[in-house]
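Subject: Structure handover

Hello,

Here is the structure I promised to pass on. My notes follow below it.

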Amino acid sequence: MTQQIPRPPRTEPVPEPELAGVRNFRDVGGLPTTDGRRVKPGKLFRSGHLAHATETDAEFLASLGLHTIFDFRNNADHALEGADVELPGVRNVNIPLSDPADGREFWKMVRDGDVEQLRGLLGDGKAAARMADSYRTMIEKRTPEHSRVLHALAEDSVPALMHCAAGKDRAGLSIAVTLLALGVEREAIVADYLESNAPHRRYRVRRGSDAPEARSPEVMELLSPLFDARAEYLTAAFDSIDGHWGGVDRYLAEGLGLTPETLGLLRDRLLD
């Protein structure tokens, strides 16, 4: 990896650019902690995948001085969307946060199913319940992956960009876990998470047919819980932390194996 040129510290979050091939990009700098500190601007970013980044997009991303890009997609995502663009001097780390086979038939149904199939699969609150359950599962079953990310950030991986496919669920939850470790207020974490609902940030819904009925109002309503950022999903993750570990401190110490020394390093790197 090439040596990076030191950059002066930023005092304000990186302005949101108009990226043509990357959705849902933002700097989480400036978010407040419970002890009155703030996340340093220019140190922690989130976005959707980088596979379709244009040359101009890549130039902007390269200008951020990134050390590491964390890609939480799985093999099925890579097959569908492609690999991230490569940025000079930046380490790309792939940490899948869902099994490559998990839900493959489900997502095929989402893309190709007719209205009757989608009603049975997603109707009557099933879609939202599936999303909340997936957030709980990522908290309870993916502690090694979240631990790896936080230890890497504490050691040397800053500035960092975290992304999945849409930058909403897997990346959103990993950002949330990181912000909890920094002591950011839960309300601020939820508010940042909900910004993924802005029209220009939303993931483009893929359907197997271009026929009008494939994107009818009923179909889009059935699909909306899967592509929305909803506070109830993130709240389900927080409730899982509280219910399984009794709170954030024990989750960080016992679930993620973060020592006070590592937490101190992490906070020194990412907080003003």
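Start with helix α1, residues 55-62. Its buried residues are D57, A58, F60 and L61. Buried here means under 20% relative accessible area, exposed means over 50%, and partly exposed is in between, with a 1.4 Å probe and protein chains only. Those four cover an arc of only 160 degrees around the axis, which puts them on the same side of α1. The arc is that of the directions from the helix axis to the C-beta atoms. An α-helix has 3.6 residues a turn, so residues three or four places apart point the same way. The face of α1 turned away from the buried side carries the exposed residues E55 and T56.

Some ground rules. The model is predicted, so local features need pLDDT of at least 70 and side-chain atom pairs count only at pLDDT 80 or more, while totals for chains, interfaces and linings use all residues. Residues are numbered from 1 along each chain as its sequence is written, and side-chain values use heavy atoms, leaving out hydrogens and water.

The chain as a whole: it has 12 helices and five strands. Helices (H or I, at least four residues) and strands (E, at least two) are DSSP runs, numbered from the N terminus. Of the 272 residues in the chain, 52% are buried. Take contacts (heavy atoms within 4.5 Å) between residues at least 6 apart in sequence: 78% of them join residues at least 24 apart.

Next, a helix pair. Helix α5 (residues 126-141) and helix α9 (residues 217-227) pack at an angle of about 10 degrees, with axes 8 Å apart. That makes α5 roughly parallel to α9. Axes are lines fitted to C-alpha atoms, for helices over the stretch in contact, and angles run from 0 to 180 degrees between N-to-C directions. Under 35 degrees counts as roughly parallel, over 145 as roughly antiparallel, 65 to 115 as roughly perpendicular, and the rest as oblique. From α5 come A127, A128 and M131; they meet L222, P225 and L226 in α9. By class, this contact has six nonpolar, no polar and no charged residues. Nonpolar covers Ala, Val, Leu, Ile, Met, Phe, Trp, Tyr, Cys and Pro; charged covers Asp, Glu, Lys and Arg; the others, Gly among them, are polar.

Now K168. It sits in the loop between β5 (160-163) and α7 (170-182). K168 has 5% relative accessibility, so it counts as buried. Its side chain reaches the backbone oxygen of D228 at 2.9 Å. A polar contact is a pair of N or O atoms within 3.5 Å; within protein, one must be able to donate a hydrogen and the other to accept it, and residues adjacent in sequence count only if both atoms are side-chain atoms. Beyond four places in sequence, the contacts of K168 include N24, R46, M131, Y135, Y193 and L226.

Y193 is in helix α8 (residues 186-194). Y193 is buried, at 1% relative accessible area. Y193 and G172 are 21 residues apart in sequence, yet 6.3 Å apart C-alpha to C-alpha. Residues touched by Y193 include R26, R46, Y135, K168, D228 and Y233.

H49 is in the loop between β2 (44-47) and α1. At 8% relative accessibility, H49 is buried too. A polar atom of its side chain lies 3.1 Å from the backbone nitrogen of A51. Among the residues in contact with H49 are R73, E81, D84 and H163.

L44 is in strand β2. L44 is buried, with a relative accessible area of 0%. L270 is one of the contacts of L44; others include V28, M162 and I175.

Last, backbone geometry. Most residues other than glycine have a negative phi, and most peptide bonds are trans. N24 has a positive phi, near 65 degrees. It is in the segment before β1 (26-27) and is buried, at 3%. D124 also has a positive phi, about 55 degrees. D124 is in the loop between α4 (115-122) and α5 and is exposed, at 80%. The peptide bond from V158 to P159 is cis, with omega near 0 degrees. P159 is in the loop between α6 (143-155) and β5.

Best wishes
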